[in-house]
Amino acid sequence: MGTMPDGTQRDSTNSNTHSSMHATAQLDDGIVPDPSLPPTSVDESVRDSADRTWTPAKIALWAVIALLGGVAWFMLAIIRGETVNAIWFVFASVCTYLIGYRFYSKVIERYLLKPNDRRATPAEYKADGKDYVRTDRNVLFGHHFAAIAGAGPLVGPVIAAQMGYLPGTIWIIIGVVLAGAVQDYLVLFFSMRRGGRSLGQMAREELGVIGGTAALVATLLIMVIIVAILALVVVNALGESPWGVFSVGMTIPIALFMGVYLRFIRPGKVMEISLIGFVLLMAAIIGGGAVAGTEWGAAFFHLDKITIAWGLIIYGFIAAILPVWLLLAPRDYLSTFMKIGVIVMLALAIIVVRPEITVPAFSEYAGRDNGPVFSGALFPFLFVTIACGALSGFHALIASGTTPKLIEKERQTRLIGYGGMLMESFVAIMALVAAISIDRGIYFAMNAPVALTGGTVETAAAWVNSLGLSGVNITAGDLAQTAKDVGEQSIVSRSGGAPTLAVGLAHIMQQFIGGTAMMAFWYHFAIMFEALFILTAVDAGTRVARFMLQDSIGNFVPKFKEHSWRPGAWLCTAIMVAAWGAVLIMGVTDPLGGINTLFPLFGIANQLLAAIALSVCLAIAAKRTGPKYLWIVAAPLAFAAVVTITASFYKIFSPVPAVGYFANNAAFAKALADGKTSFGTAKTQAAMEAVVRNTMIQGWLSIIFVVLSIIVIITAVMATIKALRNTAAGLPNAEHEDPARASRVFAPAGFVPTAAERDLVTEWNQLPAGERLEKSGHH
Amino acid sequence: MNAVLAGFRGFAGYLGGVLGADAYKKYLEHHEASGHTSPPLTERDFWRDRTDRQDTSPQGRCC
């Protein structure tokens, strides 16, 4: 294996310098292009000179972007007025993303990944017309974005808003540029170079048996936690909400109908049935209001959280064993349709309405560790709470799944991997804006557990006013009126982030379309799409976890590796559903408020997965470059590792009961031993026993996660050091990339083709149709 | 008016691409380009095969 990962010969003395003086045809990358075809890559010297030529217009453009971004950050961070306009969030984020994309992602491209468009991608050399299909870059961008975006970036920032808007905003925007988007880009690129291999397979190859196994087990456990807590968000949003239960419940028959339609009536008419489904969905939301308004409807669909949780568990099991065509595939269409529509609509509404934000930059809780929404100090808990919008380990599973099999040209990974994650971060910023556009008093009344608010409007208003928050003074009437506006019986203690986001979105959208009369519709519209995303994630997550479990058991009992063997499939599905179901029930019945204690575990799990993904990337990157540019991977890895390991240690060792699981466990166990019948927020002995049980489980989960992740990180650092030593000693490193093959197609790298790319496209278009491969994507 | 219609078509085509509605068309193109002599799957069979294969190779959906 004497070649560098970018295809250049290792023994060439200048493999790390640019070959910009060479013409492309003489490149020493071991690839022999078909001489009858035009070049498959823009000449490097042409691209370099275009990148490095700064025309006055280009300088002016970037100066304006930088200036606008600077002013926006100044308005958000420095100016301390009564209010700040939401439009500054849009400018600060978009300008920072543009600069990060144009400059930082190019550094990663140029010095670390070195994509080579002369190489064929898996979509070209493994093309089968089904899984490996060259896809138009703009379409793939939407496709990848729809696969990575979900409920996570919508709820994390809402919960983090407890500390004020600025800490969350900084972490979402800076975090994505330096960490989240980097992770997605690297994983996508490395997986593409390996024929679309999964993160687990890459971990096994690069880190060996111990590191690989630890990564696999950690991934499995982390998926269980993530599914459980997403389910908890849905349960909290639907509990005691007849309207929500009806309209979300209706998505099941709608999806079944769509599935049957696509299978038997008009196969392949995806757009048509998605439109029909969308109309039915709107009807379900409107109908939900009517049904919840009737006496029988309100009685029949008024379910408590425990009933809904059990319903979700049973649903999760059935959905995961039903064939994909019947439920999962059609709901995925609906979910994608809604995702793109909602995000475009929310962005438009925020730009048009430009709400004034009264939430302070740093709230009273920014310097404390006993906030009512989530407990723990700003560092590290703010960073794990925001999770998906800034850095999401879950994306590594997507970026090493479907997307790398669809990429047309290597250089497009920057747009899709890095650019796609910037979009997700923008969604998180908009969710944050929506959440902080509502009154702070209402925010705390909605997001604190019942144990604090007392559950009624009077007690909640009294509790919120007793917090001593500046500018906060709500009455029971305010809370009752808000609930009435959004068509709910109560909004007190509707924690989990989703209801708060829905109120915020309804608040913004009603100023855009429809006025107060439409608030209830917008609220349930928001609840509906969040539930839709989450149900899809729960269903798909259970399936993926089931296969991982089947493969793992299959190492001991080979029969389990047969995926079509029903008893094995059902047993493994049942185990996975039981695992997340147990955590869900624990969260729903938790006297301490469920979300308050479990959401940090969700964030920690997600970012530990990110640390695992970045570890694998570090080990791979060390083989392709000297130590000089490894900081691109090492810096986000170090940050993610420090944040998550510190957070885990707080959760395990903190003597503060509100923060440490075991400290809480000890406090409650002692109270029980002392014969107390009520302690803190637990009003009965049974509730106290539940706390003892829950904290013990949560504590041990934290320990297992952090130990597994530390094993992965250590094995990755060892693999990295070994690779660097080999390189220094001139020894070859084991290479797991697929061999380089010459590409026979060309496509531009970014949204807007450069002049050189346009020329090449013209040259390719002049080829007789028979001599080139079919064009990708839509025509 | 034509420009509006073309714009709408383009948007619908894009959305269809993101949803994967053009999968069969791309399969046919691939089938033709790769010079298979056997007849391609029918549209109904193609979609059946596509969803059935997802039963054994599930794709994650993110949080």
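**Exercise 1. The make-up of chain B**

How many helices and strands does the secondary structure of chain B come to?

Before the solution, note that this is a predicted model, in which local features need pLDDT of at least 70 and side-chain atom pairs count only at pLDDT 80 or more, while totals for chains, interfaces and linings use all residues. Residues are numbered from 1 along each chain as its sequence is written, chains are lettered from A and ligands numbered from 1 in the order in which they are written, and side-chain values use heavy atoms, with hydrogens and water left out.

Step 1. Chain B comes to three helices and zero strands, where helices (H or I, at least four residues) and strands (E, at least two) are DSSP runs numbered from the N terminus.

Step 2. Read along the sequence, these elements give the pattern α-α-α.

Step 3. The radius of gyration of chain B is 16 Å, whereas a compact globule of 63 residues would have one near 11 Å; the radius is taken over C-alpha atoms, and the globule rule is 2.2 Å times the number of residues to the power 0.38. Along the principal axes, the C-alpha trace of chain B spans about 45 × 40 × 20 Å.

Step 4. Of the 63 residues in chain B, 32% are buried, a term that means under 20% relative accessible area, with exposed meaning over 50% and partly exposed lying in between (1.4 Å probe, protein chains only).

**Exercise 2. Helix α2 of chain B**

Identify the buried residues of helix α2 of chain B, and then find what covers them and what follows the helix.

Step 1. Helix α2 of chain B takes in residues 23-33, and its buried residues are A23(B), Y24(B), K26(B), Y27(B), E29(B), H30(B) and H31(B).

Step 2. The cover over these buried residues includes α3 (43-56) of chain B, where contact means heavy atoms within 4.5 Å.

Step 3. After α2(B) comes G35(B), whose phi is positive, near 70°.

**Exercise 3. The overall form of chain A**

Describe the secondary structure of chain A, and explain how its radius of gyration compares with the globule rule.

Step 1. Chain A comes to 28 helices and two strands. Its radius of gyration is 26 Å, close to the 28 Å that the globule rule gives for 779 residues, so chain A is as compact as a globular protein of that length.

Step 2. Taken along the principal axes, the C-alpha atoms of chain A fill a box of roughly 80 × 60 × 55 Å.

Step 3. Buried residues make up 61% of the 779 residues in chain A, and among contacts with a separation of 6 or more, 81% are between residues 24 or more positions apart.

**Exercise 4. Backbone details in chain A**

Step 1. The bond from F379(A) to P380(A) is cis, with omega near 5°, and P380(A) lies in helix α14 (residues 378-386) of chain A.

Step 2. A387(A) counts as buried because its relative accessibility is 1%.

**Exercise 5. The surroundings of T625(A)**

Is T625(A) buried or exposed, and with which residues is T625(A) in contact once its neighbours within four places in sequence are left aside?

Step 1. T625(A) is found in the loop between α24 (595-624) and α25 (631-653) of chain A.

Step 2. Because its relative accessible area is 5%, T625(A) is buried.

Step 3. With those sequence neighbours set aside, T625(A) is in contact with Y111(A), L112(A), L630(A) and L724(A).

Step 4. From C-alpha to C-alpha, T625(A) and A723(A) are 9.6 Å apart in space, although 98 residues separate them in sequence.
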